[in-house]
Amino acid sequence: MTSAGRRLLRLGALWELLRYDMAAAIFGFRGVYRSRKQRGSTRGFPEGLELEISQAIEWAAALYWKRVRCLQRAIVTARLLRAHGVPADLVIGCRLAPFVGHAWVEVEGRILIGPAAYPDKLQVLDRA
């Protein structure tokens with residue numbers, strides 16, 4: 001990917017973080033959840049695109065003025081991936097005792113963001 005392409009991805013990641021916060025402030029979680037884009041196509045996508053997008057999210061999260069939690073990071077990552085044609089799954093899971101909740105993104109069954117052990121340790125509540 002060119003440096004101009006990376007800059008556009010980074011700006012898109014910052015925009016999506018801001019968009020998430022605005023939607024959460026106005027509509028709450030229900031509005032944020034509804035605003036996620038549909039799944040990307042199952043046609044091939046450029047190799048390494050998922051890595052480029054996840055790096056852009058990390059860059060944007062490091063510059064963001066507030067802490068970016070796992071749900072925000074996962075929704076933003078899934079939206080960007082889907083916008084670029086990558087079939088990403090947003091997964092939300094929890095464990096009741098002691099309570100742990102987490103959100104992560106999977107692409108073709110591989111965990112893109114988040115520890116690989118979460119699917120084994122947490123009950124999946126939703127996969128969208």
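Predicted model: local features only at pLDDT ≥ 70, side-chain atom pairs only at ≥ 80, totals over all residues.
Residues are numbered from 1 along each chain as its sequence is written, and side-chain values use heavy atoms, with hydrogens and water left out. Helices (H or I, at least four residues) and strands (E, at least two) are DSSP runs, numbered from the N terminus.

**Helix H2**

- Helix H2 covers residues 49-63, 15 residues in total, and reaches 21 Å from its first C-alpha to its last. That is close to the 21 Å expected at 1.5 Å a residue, where the expected span is 1.5 Å times one less than the number of residues.
- Buried residues of H2 are Leu-49, Glu-50, Glu-52, Ile-53, Ser-54, Ala-56, Ile-57, Ala-60 and Ala-61. Buried means under 20% relative accessible area, exposed over 50%, and partly exposed in between (1.4 Å probe, protein chains only).
- The cover over these buried residues includes helix H1 (3-34), helix H3 (70-83), strand S2 (100-107) and strand S3 (110-113).
- Ser-54 lies in H2 and counts as buried because its relative accessibility is 10%. Leaving aside neighbours within four places in sequence, Ser-54 is in contact with Leu-112 and Ile-113; contact means heavy atoms within 4.5 Å.

**Helix H3**

- H3 has 14 residues and spans 20 Å from its first C-alpha to its last, close to the 20 Å expected at 1.5 Å a residue.
- Eleven of the 14 residues of H3 are buried, so the helix is mostly covered. They are Gln-72, Arg-73, Ala-74, Ile-75, Val-76, Thr-77, Ala-78, Arg-79, Leu-80, Leu-81 and Arg-82.
- These buried residues of H3 pack against H1, H2, S1, S2 and S3.
- Arg-79 is found in H3 and counts as buried because its relative accessibility is 7%.
- Gly-85 follows H3 and has a positive phi, near 85°.

**How the helices pack**

Two packed helices are described by the angle between their axes and the distance between the axes. Axes are lines fitted to C-alpha atoms, for helices over the stretch in contact, and angles run from 0 to 180 degrees between N-to-C directions.

- H1 and H3: the axes come within 9 Å and cross at roughly 120°, which means H1 is oblique to H3. Angles under 35 degrees count as roughly parallel, over 145 as roughly antiparallel, 65 to 115 as roughly perpendicular and the rest as oblique.
- The crossing of H1 and H3 is right-handed; a crossing is left-handed if the near helix is turned anticlockwise from the far one by less than a right angle, and right-handed if clockwise.
- Among the residues making the contact of H1 with H3 are Leu-9, Gly-12, Tyr-20 and Phe-29 of H1, and Leu-71, Ile-75 and Arg-79 of H3. The residues of this contact divide into ten nonpolar, two polar and four charged (Ala, Val, Leu, Ile, Met, Phe, Trp, Tyr, Cys and Pro count as nonpolar, Asp, Glu, Lys and Arg as charged, and the others, Gly among them, as polar).
- H2 and H3: the axes are 10 Å apart at an angle of about 140°, which means H2 is oblique to H3. H2 passes H3 in a right-handed crossing.
- H1 and H2: the axes are 8 Å apart at an angle of about 55°, which means H1 is oblique to H2. This crossing of H1 and H2 is right-handed.

**Backbone details in the loops**

- The peptide bond from Ala-97 to Pro-98 is cis, with omega near -15°.
- Glu-108 lies in the loop between S2 and S3. Its phi is near 50°, a positive value in a residue other than glycine.
- Glu-108 counts as exposed because its relative accessibility is 55%.
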